[in-house]
Amino acid sequence: MEKLSFRLTAARSAGGSRAQAIVGVVASGNLEVLLERASPTDTCTIDIATAAHGFGAVWDAVVRDFVARRPAGGLRISINDGGARPDTVALRLAQGVRKIEEPER
Amino acid sequence: MTQVAANNVSLSWYEASARQRIDALVDAGSFCEYIGPELREISPHLSIFDLPEQFDDGIVIGHGRLDGTPVLIAAQEGRFMGGAFGEVHGAKLTGLLRAARALRQDVLILFDTGGVRLQEANAGELAIAEIMRAVIEVRRTGVSVVGLIGGRAGCYGGGSLIAGTCSRLIVSEQGRISVSGPEVIETNRGIEEFDSRDRALVWRTMGGKHRYLIGGADTFVDDEALAFRQAAIDALKIKRGCDTNVLEAEQNRLERRLQRFGEAEDAVDIWQTLGIDAPTEIPALPTDAFLRAAKRRENADDAR
Amino acid sequence: MSNWGMQKAALGERLTAGRRHAKGKIVPLPSLPAFLAAVIRSGDRVCLEGDNQKQADLLAAALANLDPAEISDLHMVQSGVVLPAHLDIFEKGIARRLDFSYSGPQSARIARMLFGRKIELGAVHTYLELFARYFIDLTPNVALIAAVSADKDGNLYTGPNTEDTPTVVEATSYKNGLVVAQVTEIVDKVPRVDIPGDLVHFVVEAGRPFYVEPLFTRDPAAITETQILTAMLAIKGIYAPYGVRRLNHGIGFNTAAIELLLPTYGEKLGLKGKVCTHFALNPHPTLIPAIESGWVDQIHCFGSEVGMEDYVAARSDIFFTGPDGSLRSNRAFCQTAGLYACDMFIGSTLQIDLEGHSSTVTTSRIAGFGGAPNMGSDPRGRRHPSEPWLKAGAEAAPDAAPALRRGRKLVVQIGETFGERNAPLFVERLDALELARELKLDLAPVMVYSDDVTHIVTEEGIANLLMCRSKDEREQAIRGVAGYTDIGRARDAKLVEQLRQRGVIRRPEDLGIDPLDADRRLLAARSIKDLMLASGGLYRPPSRFRNW
């Protein structure tokens, strides 16, 4: 497993009030994304454990785009990756933010 | 006042994740998870093999309400390592069943498993035994343990043994129940005995329709979360417990069944013997037509 | 002074030799080896029928069992090199030279044999191109074909899988060649005459059906969210604005997703009757929901599809069927229809380079072309106008005089930026070039040439290459939809943004599409079972696709 960590400044912070959200599963070509609230609200940390080695530059591009495009401030994101394609990673990250912003029932 | 409302969205049970199944099964918003992913209670074994871990180790447990009634729920994630039982995965289910005994609350197990995880086989096998014991112990107190089977991984190996100890089983056509999987049978007995790539053969031997017809499952439902929900509500209305009489009745039923169908070469022969009009058409029938055709199925109700 | 009539005389000799092993036109199965040895001559040009679907498998096996000491140096001219026997013929030294079109499952072995000089390669063709050469310079001396049934006069019934047979027989029989057919059974009267008996010299009863590959069955269960997103982009960003009514689809999962989104997403967009009404297409099971909900007016087929026979027969309002009720397919006609009468081809590929050339070749595999390069090309001989064709032509040359401006066929490549095993769709250099160098080929095996491609669709967006005005713009338009591949990450972000402002690149948000809406629940069928149910039980999928 390869471990990668990112700490990025986010222009927008995640909305909603849920404490956490989880999307996806760890399977071949898939990943799970766990989102938790953390401070400060202008920072997003992303920790990745991936089965696919040597894709650091791609991860870097994917997570930077994610933080630039989505309200990710104040999130601590943890990823277990089963070798997902970058488009799947981007989709799961977006789904995760949508989920943590969903109103609580 | 208790709010009772289902999530009114069409959801394929076969396709859904463990978490989606729970959300669609219980009253909207009523689920509360134990040992959630944020606690990162992961398998201690997988890292040794340099394999990816999952924060919930492939099983979600917790409590919720079903049509207003409190229930305990466990759902396996069939896509993570084939939903297989490992040490943590198994311990979560054992603990839930022991809690059920203490709380006197019914349990729903949403099976989706290939059996025991190869990388932690000893711990997994032990877990299966502990779970089976815990199921029987909680059933003896009058609590129901209902299994729901219709996931991608089916219900194989140790999972099928646990299913065999449940009070009732709800199955969809997609659901498969068998101790040995198709590949295992083919590997051990040869392709002449069982061609694991012949999917029609796999389903007519292990699939939900056949299991329902021979009394291996009690309720047959569409591959729809709401259908599973309704069947679970109905199943929990039946209170049976578990004592020597029940076990003896089950033993007798199985002996009768073996005598009646033991010589059959293929599931279709069994359906023919059951007196089904057009047995070869069974796999193609939609649910309502199938249920009509299944009126003469082997019944497990006495035994469970 | 020439001695005219030599070909007729040679055919006469073959017929005489063959009749020694036959009863009338019927060759008993046990006599097949001796019969074939008697009618085939060393150096013959032989067409062994078989494409990406049906196979004259019995005759292929028999041919591969000939003694190379007796018969050798055959020149095989055939659509498909698909069965192991097709290559055994070369391995054993019975055949030497090969002209073909498609190799699918044998793509790795054929590459090894080409490297090992076991095969002398003529060329890899498109179907239509190889058919054309049957009539000019690759006319077979012997054709070994497959049909469902025959009568004693040799009249053949090919059933739904007529495919290449009429073309092969036409080229062979009318030019003094010998035609031998394998059939499942000999009957008193065939259900319909697909091939007149006059053109068929011998028939052998196989006692079992010829092999057919269910190549066009895509299990909806395997369609991903990303593929659904690309399908939404294609429908809203290409089908709708161009009003594409006449088209051909490739066999990938992206186009299967499009077929399954028509009754749901397409319906919501109000496109019913406005797009996808006429197809040159095999009977794709994934098209059943669209057909059943009244989207499709007419479909002409290259071949059939396993399990779709009863459904097609029951939908003769849509499909071409014979007096017996079953499908009449014809690859040559359907390829022609796809070339001249369709306004769009959309399909997947494995590699796209910075100019927009695409290829399905990887260095260790030669999968051939099949029909895609023909479908995916702009026909220079087309003269009839249509809305999408004119609109595409206007986008390519906005300043040209309308009455003298050619239209353009829409040729769309659709795919995810990363394919199987995370292989990038976009590359600096096609593997096809490497292969051409190693095999010393004059031409790299390019599936769709850059100047034919009009659009590229990925999950990142649509690149409209018609609107690019320079090589540089074209390259950045391609990089601009190449996602996180090396090609995509090396984009000139500023230029890409300019292209987006001009509408050359369109992102999901530019089209009002939220990627999070790309959900499997949008699919009109999510499993093979759903397709079977949608067909009212008429579609009978092969066992390997079932989970019931």
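Which feature does UniProt place at Ser28(A)? The legends below begin with that residue.

View 1. The UniProt record, an unreviewed entry, assigns "modified residue: O-(phosphoribosyl dephospho-coenzyme A)serine" to Ser28(A); UniProt positions follow the numbering used here, feature names are shortened, and annotations may be inferred rather than shown by experiment. Residues are numbered from 1 along each chain as its sequence is written, and chains are lettered from A and ligands numbered from 1 in the order in which they are written. Because this is a predicted model, local features need pLDDT of at least 70 and side-chain atom pairs count only at pLDDT 80 or more, whereas totals for chains, interfaces and linings use all residues. Ser28(A) sits in the loop between β2 (20–23) and β3 (31–37) of chain A; helices (H or I, at least four residues) and strands (E, at least two) are DSSP runs, numbered from the N terminus. Ser28(A) counts as exposed because it has 10 C-beta neighbours inside 10 Å (exposed: 12 or fewer other C-beta atoms within 10 Å; buried: 20 or more; partly exposed in between; C-beta atoms placed from the backbone). Leaving aside residues up to four places away in sequence, Ser28(A) touches Gly82(A) and Gly83(A) (contact: C-beta atoms, placed from the backbone, within 7 Å).

**View 2. The contact between chain A and chain C.** Each chain is represented here by 12 residues. On the side of chain A that touches chain C, α1 (56–69) and α2 (86–101) of chain A each supply at least two residues. The largest share of that side, seven residues, comes from α2(A).

**View 3. Helix α6 (residues 127–134) of chain C.** Its buried residues are Tyr127(C), Leu128(C), Leu130(C), Phe131(C) and Tyr134(C). Seen down the axis of α6(C), these residues fall within an arc of 160°, so they line one face of the helix; the arc is that of the directions from the helix axis to the C-beta atoms. The cover over the buried residues of α6(C) includes β4 (74–80), β5 (95–102), α7 (165–173), α12 (331–340) and α13 (372–375) of chain C.

**View 4. Domain 1 (22–211) and domain 2 (220–531) of chain C.** The domain bounds come from an automatic or database domain assignment. The C-alpha centres of the two domains lie 32 Å apart. Their contact takes 30 residues from domain 1 of chain C and 29 residues from domain 2 of chain C. On the side of domain 1 that touches domain 2, the elements giving two or more residues are β5, α5 (107–115), α6 and α7 of chain C. Of these, α5(C) gives the most, with five residues.

How values were computed. Two residues are in contact if their C-beta atoms, placed from the backbone, lie within 7 Å.
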